[in-house]
Protein chains: 2
Amino acid sequence: MLKKHHEYAKGLLKERNLKATTTRIQVISLISAYKTAMPLSKIQQSLANTDRVTLYRTLNALLEKGLIHKAFSSGEDTYYALCSDSCSTHAHQHDHIHFKCKVCQMVTCEYPEEKVVVSFPGFKVDSLNVSAVGVCGRCA
Amino acid sequence: MLKKHHEYAKGLLKERNLKATTTRIQVISLISAYKTAMPLSKIQQSLANTDRVTLYRTLNALLEKGLIHKAFSSGEDTYYALCSDSCSTHAHQHDHIHFKCKVCQMVTCEYPEEKVVVSFPGFKVDSLNVSAVGVCGRCA
DNA sequence: TTTTTAAATGCAACAATGTTGCAATAATAG
DNA sequence: CTATTATTGCAACATTGTTGCATTTAAAAA
């Protein structure tokens, strides 16, 4: 785990008034180093000596404070990704799409060329969730 | 439970070479009568004297054969809806959007005026999953 | 630096959701 | 109507996530 991510994590936690505990720093560093959205199973593997409960509580805290978000839930595994600055304690603000590559299994946050808009007459759309499965650029 | 749905269910099951067992007919009839996507919790309530395991196996069988699909999974509850004819044993073919109304909690399959298209350069998109949360026409 | 104090951790126990093996039962083909 | 094969119900297990509480840790105050 690189120092770079470690310091970065501490900064993020301070910004959101969360105590910079070992587990929180580890989780953020891990996801940050992972580059793409990281499946819970991998996070658990890497933090095998951390209590299961603590990890759940840590993830919930980071979710609530808008530091990470669930990028994909595919029944078996849930993927977590770091949030952008626009996410806050009160609301997640994502205009990206979660893309899962069925070759390398990686989940990434992608920004489509044109913003996705959907409208049905008579409906008020508050939030739109778009996820896609396919083959990513590297695997194609 | 109306006879209409009962007969309809039997027909669907025969088409897909599934035995027309009581539980299967009940599940299809229920969802059919419910009109919109039905949460698992309600299905369980209605079939309270059916074994938990049997219900799970029934739902899996219907999912696999393309008779129903998961319309929405919101952590707490999973919503099931009947499939259109275009769904088969091999693949689900849906071009609709799952819309959850946060007032009445109903989940419906909606067909937007223009088909949703997303493209990122270099990516091959196989399937796109779009869900929306907001307020439906009746509640607005 | 040491003390204080409020929050986070680890543990045990629990809860919810889903799965497996197997004997009993029900649906359909003959 | 009988034979055959899939489905059912039960018990037990597996997985995933949660709660209460005593102990430990982070960071603010002295």
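1. Strands here are DSSP E runs of at least two residues, helices are H or I runs of at least four, and both are numbered from the N terminus. Two strands count as paired if DSSP finds at least two bridges between them.

2. The model is predicted: local features need pLDDT of at least 70, side-chain atom pairs need pLDDT 80 or more, totals for chains, interfaces and linings use all residues, and side-chain values rest on heavy atoms without hydrogens or water. Residues are numbered from 1 along each chain as its sequence is written, while chains are lettered from A and ligands numbered from 1 in the order written.

3. Buried area is the accessible area (1.4 Å probe) lost when two parts are put together, summed over both. F120(A), F123(A) and D126(A) supply 22% of what chain A buries against chain B, more than any other three residues.

4. Chain B holds an open sheet of 3 strands, ordered β1-β3-β2, with antiparallel pairing. β1 (38-39) and β2 (68-73) stand at the edges with a single partner strand each, so one side of each has no neighbour in the sheet. β2(B) and β3(B), residues 78-82, are joined by 5 bridges. Partners here include I68(B) with L82(B) and K70(B) with Y80(B). The hairpin has 4 residues between the strands, and G75(B) takes a positive phi near 75°.

5. Which helices lie across this sheet? α2(B), residues 22-34, lies across β1, β2 and β3 of chain B, at about 90° to β3(B). α4(B) lies across β2 and β3, at about 110° to β2(B). Axes are lines fitted to C-alpha atoms, for helices over the stretch in contact, and angles run from 0 to 180 degrees between N-to-C directions.

6. DNA strand C is surrounded by 19 residues, the closest being R24(A), R57(A), A20(B), R52(B) and Y56(B). Near means that a heavy atom of the residue lies within 4 Å. Sugar and phosphate make up 55% of the DNA strand C atoms within 4 Å of protein. By class, the surface has 5 nonpolar, 7 polar and 7 charged residues. Nonpolar covers Ala, Val, Leu, Ile, Met, Phe, Trp, Tyr, Cys and Pro; charged covers Asp, Glu, Lys and Arg; the others, Gly among them, are polar.

7. A side-chain N or O atom of R57(A) is 2.5 Å from a base oxygen of DNA strand C. Phosphate oxygens are approached by a polar side-chain atom of T21(A) at 3.1 Å and by a polar backbone atom of A20(B) at 2.8 Å. α2 (22-34) and α4 (52-64) of chain A, with α4 (52-64) of chain B, each give two or more residues to the surface near DNA strand C. α4(B) gives the most, with 5 residues.

Notes. A polar contact is a pair of N or O atoms within 3.5 Å; within protein, one must be able to donate a hydrogen and the other to accept it, and residues adjacent in sequence count only if both atoms are side-chain atoms. Contact means heavy atoms within 4.5 Å.
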